[in-house]
Amino acid sequence: MIESIKEIVRDHIQYKDQIKMLAKSDLIKTYRGAALGWSWAIIKPLITLFVFWFAFSVGLRSGKPVAGYSFFLWLVAGFLPWFFMQELITGGAACIRKYSPLVTKMKFPISIIPTYFNISHLYTHLALLVITIVLFAVSGHMPDIYLLQIPFYMLLMVAFFIVWALLAGMLSAISKDFQNLVNALSSAIFWMSGIIYNVEDIENTWIRVMLKFNPVTVISSGYRRAFIYKKWFWQDKVSLVCFSITFLIFLILALTVYKKLRKEIPDVL
Amino acid sequence: MSNEVVVRFDNVTKMYKLYKSSRARFKGLFSKKVPYKENKAVNGMSFEVRKGESVALFGRNGAGKSTMLKMITGVTFPTEGEITVKGKVCALLELGAGFDAESTGRENIRFKCSLMGMNDEEIDAVEDDIVQFADIGDYMDQPLRSYSSGMKARLGFAINANAQPDILIVDEALSVGDRNFQKKCKEKIAEIMADDNVTLLFVTHSLTTARDFCKRGIVLEKGKILFDGTIDEAIKFYETK
């Protein structure tokens, strides 16, 4: 396992320029060819937000303001990281397949693909973050010191999803069944995470803690702590411990699978 | 020719596991009981190539030539044995592959060169040569999806041939393009080979082309080396077999 880590780190140092280039080209590829181009990066999230706002505020009439923030802003704060995670859950599982020519036609380290794939999506995420901050400011909520913890949660998010994309990407490369499984589970993950409800409001302690083992919950709630609840990340130690345990399990899984499959993937793709 | 060995195969075997379905392959990851058939594309192969040598590889389809070249390129890995390769390998295999269809020819040049490990300055230095050699005119700034397969191959050859390889691998690449371009390709390979430090591995079914470029010939069958010697002897062996 130490060997795998060393190999992955060495490849990343050697290919650092290519990572930048490939991230850029992946980003351009996503939006080029459509007449509205870049605006899709904003239109898609806006539609999702509108639909959920409509269903909860108008339909179910349950969208009450939270901690002095309108329900819509509360939705925005939690959905902001979800847009990234949503792309990475399914897209991450497909990333090695998507870039199979890199693996089958030339000498290219497989572990690089999840990294630049994450960075490419991070650009979109950063743009949405800026828009969100502006939106909050326009609504009368100026940026404050609590927003400083956003980079921390962003780091957790990217770290976890690089590991996820490596693990899921390799398994999907071997079998399309796994990719289909991830696609099927994607909406389950959404509803079982604290994106459209506050996990802290759940009365059953067991369920509350179990949900925190889901990184999506921890990160989405983390963004809300910064934007809405105005609390620091160290005030919720349970979340951090749960996240670390999940992260470690996925890291070990990813490294084990990497060691086993790294040399087999070019032959089966 | 120097004595430095640039390619060494030490008892190399490449075994492909053939499962019945992709589901069986997935199960096979977790259990050794799932049945599969073995196909040894390369079977216990050992040889050395020294710096500056030019080697032709002969063999029928399925003899193991492509697998062998893929392992030298570093695309695929041996099941057993060890491979040492020294220097930058450029492979003229599947010339049209690995391009991004939405990007222009010029963007693809930068893209591919960068993937081969060249930095911006090095790419700037060879870009004009590549454009000139590919000779596809205004198409250079058009997206690759509008290219004909011949144009893609020309661009692919131009990039690989101008990337200053230490080891050049040519696999049937000369059968693309029109007669003029084929001639140009041969001249380019001859030019690269004029440098004594460049090693050539050449796969072809055309015995005359092989004789033009290579001094040594290796004949393969079913993943094993049947014959290894001078080009004339190798051709004789291959023809009479």
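## Two terms to begin with

A crossing of two helices is left-handed if the near helix is turned anticlockwise from the far one by less than a right angle, and right-handed if clockwise. Helices here are DSSP runs of H or I with at least four residues, numbered from the N terminus.

## About the model

This is a predicted model, in which local features need pLDDT of at least 70 and side-chain atom pairs count only at pLDDT 80 or more, while totals for chains, interfaces and linings use all residues. Residues are numbered from 1 along each chain as its sequence is written, and chains are lettered from A and ligands numbered from 1 in the order in which they are written.

## Helices 2 and 6 of chain A

Let's start with a pair that cross. Helix 2 (residues 16-31) and helix 6 (residues 112-138) of chain A pack at about 55°, their axes 8 Å apart; axes are lines fitted to C-alpha atoms, for helices over the stretch in contact, and angles run from 0 to 180 degrees between N-to-C directions. The two helices are therefore oblique to each other, a word for angles that are not under 35 degrees (roughly parallel), over 145 (roughly antiparallel) or 65 to 115 (roughly perpendicular). The crossing of helix 2 of chain A and helix 6 of chain A is right-handed.

Which residues of helix 2 of chain A make the contact? They are Ile19(A), Leu22(A), Ala23(A), Asp26(A) and Leu27(A), where contact means C-beta atoms, placed from the backbone, within 7 Å. Helix 6 of chain A brings residues including Ile112(A), Tyr116(A) and Tyr123(A). An α-helix has 3.6 residues a turn, so residues three or four places apart point the same way.

Helix 6 of chain A has 27 residues and reaches 40 Å from its first C-alpha to its last, close to the 39 Å expected at 1.5 Å a residue (the expected span is 1.5 Å times one less than the number of residues). Just after this helix, Gly140(A) has a positive phi of about 95°.

## Helices 7 and 8 of chain A

Helix 7 (residues 150-174) and helix 8 (residues 176-191) of chain A pack at about 130°, with axes 5 Å apart. Helix 7 of chain A and helix 8 of chain A are therefore oblique to each other too. Their contact includes Leu171(A) from helix 7 of chain A and Phe178(A) from helix 8 of chain A.

## Where the chains meet

How many residues does each chain give to the contact? Chain B gives 19 and chain A gives 21. On the chain B side, helix 1 of chain B gives the most, with five residues.

How values were computed
Contact = placed C-beta atoms within 7 Å.
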